[in-house]
Amino acid sequence: MAQPAPFFLLLLSAILLLAGCTNGPRADPRVIVLHSAAAAVPAAENRMGRIEVAEYLQRRHLIWRMSETQLVERRDQFWGERIEAGIRRVLEAELAVLSPSLPAGARYDVRIDRFEPGPDGRVALWAGWQLAAGEDNVLRSGQFQGMEAVAVLPGSVGGNAGGNAGVSPEAGDAASVAAAMSRLLGQLAREMAAR
């Protein structure tokens, strides 16, 4: 009986080794949602009108900005709901506490132009908004630009003792990103209610 050639045994060993590396344990995908810090109160009235979100943000996966012209879609970080629905839910809850009543028929319209974590370890939110009572009756309007730091888990690649410099999609914790985004929506709601 012929013995297998050493090259064949070496090739078989390499294939088995590679198969073991690729079929190892994988991290569970992270499903995230936005949340409101406002106390849960029943909505006495609907405060929200249109919510428009930049098309590049309308994805099932979380988007990270790597530069002004490059975005990365995280395949292991999923939104638990459409981003428009999460933004509407959080703003409605925040405004219910901050602005318990509005003029008759008035609704807030919000346009989100930018809303993602960046390479500097902060989430950016750029938004425009208006409070209107009908098509031609704008009561108030404004622009909002805010930044909120993303907490980095201890031992994350890119994190350091002095801050969040160098946070990347590989280092970012999805829950920390969602929390920073939620805090920014709270800031936006406070600005909308204050004017």
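Colleague: Where in the protein is confidence lowest, and where is it highest?

Modeller: This is a predicted model, and its confidence is lowest in helix 1, residues 6–22, with a mean of 58, while strand 6 has the highest mean, at 97. Over residues 153–166 the pLDDT is below 50, although this stretch still has 14 contacts in the model beyond near neighbours in sequence. For the protein as a whole the mean pLDDT is 81, and 71% of its residues reach 70 or more.

Colleague: What elements does the protein have, and in what order do they run?

Modeller: There are three helices and seven strands, and, read from the N terminus on, they run α-β-β-β-β-α-β-β-β-α.

Colleague: Why is Glu84 called buried?

Modeller: Glu84 lies in helix 2, and its relative accessibility is 16%. Buried means under 20%, so Glu84, at 16%, counts as buried. Leaving aside neighbours within four places in sequence, Glu84 is in contact with Ile51, Val53 and Gln58. In the protein, buried residues make up 38% of the 195 residues.

Colleague: Why is Arg122 called partly exposed?

Modeller: The relative accessibility of Arg122, a residue of strand 6, is 36%. Buried requires a value under 20% and exposed a value over 50%, and because 36% lies in between, Arg122 counts as partly exposed.

Colleague: How do you know that Arg122 touches Met147, and how many residues apart along the chain are they?

Modeller: A contact requires heavy atoms within 4.5 Å, and Met147 is among the residues that Arg122 touches, together with Glu116, Pro117, Glu148, Ala149 and Val150, when residues up to four places away in sequence are not counted. Arg122 and Met147 are 25 residues apart along the chain, and their C-alpha atoms are separated by 6.1 Å. As for the protein as a whole, among contacts with a separation of 6 or more, 68% are between residues 24 or more positions apart.

Colleague: What makes up the largest nonpolar core, and which residues have the most contacts inside it?

Modeller: This core has 39 residues, and those with the most contacts inside it are Ile87, Val110, Ile112, Phe115, Leu125, Leu185 and Leu188. Two or more residues of the core come from each of strand 2 (48–53), strand 3 (61–65), helix 2 (83–98), strand 5 (107–117), strand 6 (122–132) and helix 3 (174–194), and helix 3 gives the largest share, ten residues. Ile112, taken as one example, touches Glu52, Val53, Ala54, Leu57, Ile87, Leu125, Trp126 and Ala127, not counting residues up to four places away in sequence.

Colleague: How many cavities of 30 Å³ or more does the structure hold, and which residues line the largest cavity?

Modeller: The structure holds one cavity of 30 Å³ or more, and the largest cavity has a volume of about 40 Å³. Its lining is formed by Leu57, His61, Leu62, Ile63, Trp79, Ile83, Phe115, Glu116 and Met181. Strand 3 and strand 5 each supply at least two residues of this lining, and strand 3 has the largest share, with three residues.

Colleague: What classes of residue does the lining of the largest cavity have?

Modeller: By class, the lining of the largest cavity has seven nonpolar residues, one polar and one charged. Glu counts as charged, so Glu116, which belongs to the lining, is the charged residue in this count.

Technical notes: Residues numbered from 1 in each chain as written. Predicted model: local features only at pLDDT ≥ 70, side-chain atom pairs only at ≥ 80, totals over all residues. Heavy atoms only, no water. Core = buried A, V, L, I, M, F, W, Y, C linked by side-chain atoms within 4.5 Å. Buried < 20%, exposed > 50% of the residue type's maximum accessible area, 1.4 Å probe, protein only. Helix = DSSP H or I, 4+ residues; strand = E, 2+ residues; numbered from the N terminus. 1 Å grid on protein atoms, 1.4 Å probe; cavity = no way out; pocket = protein on both sides within 12 Å on 5 of 7 lines; lining within 4 Å. Points joined across faces, edges and corners; volume = space filled by probe spheres on them. pLDDT = per-residue confidence, 0-100.
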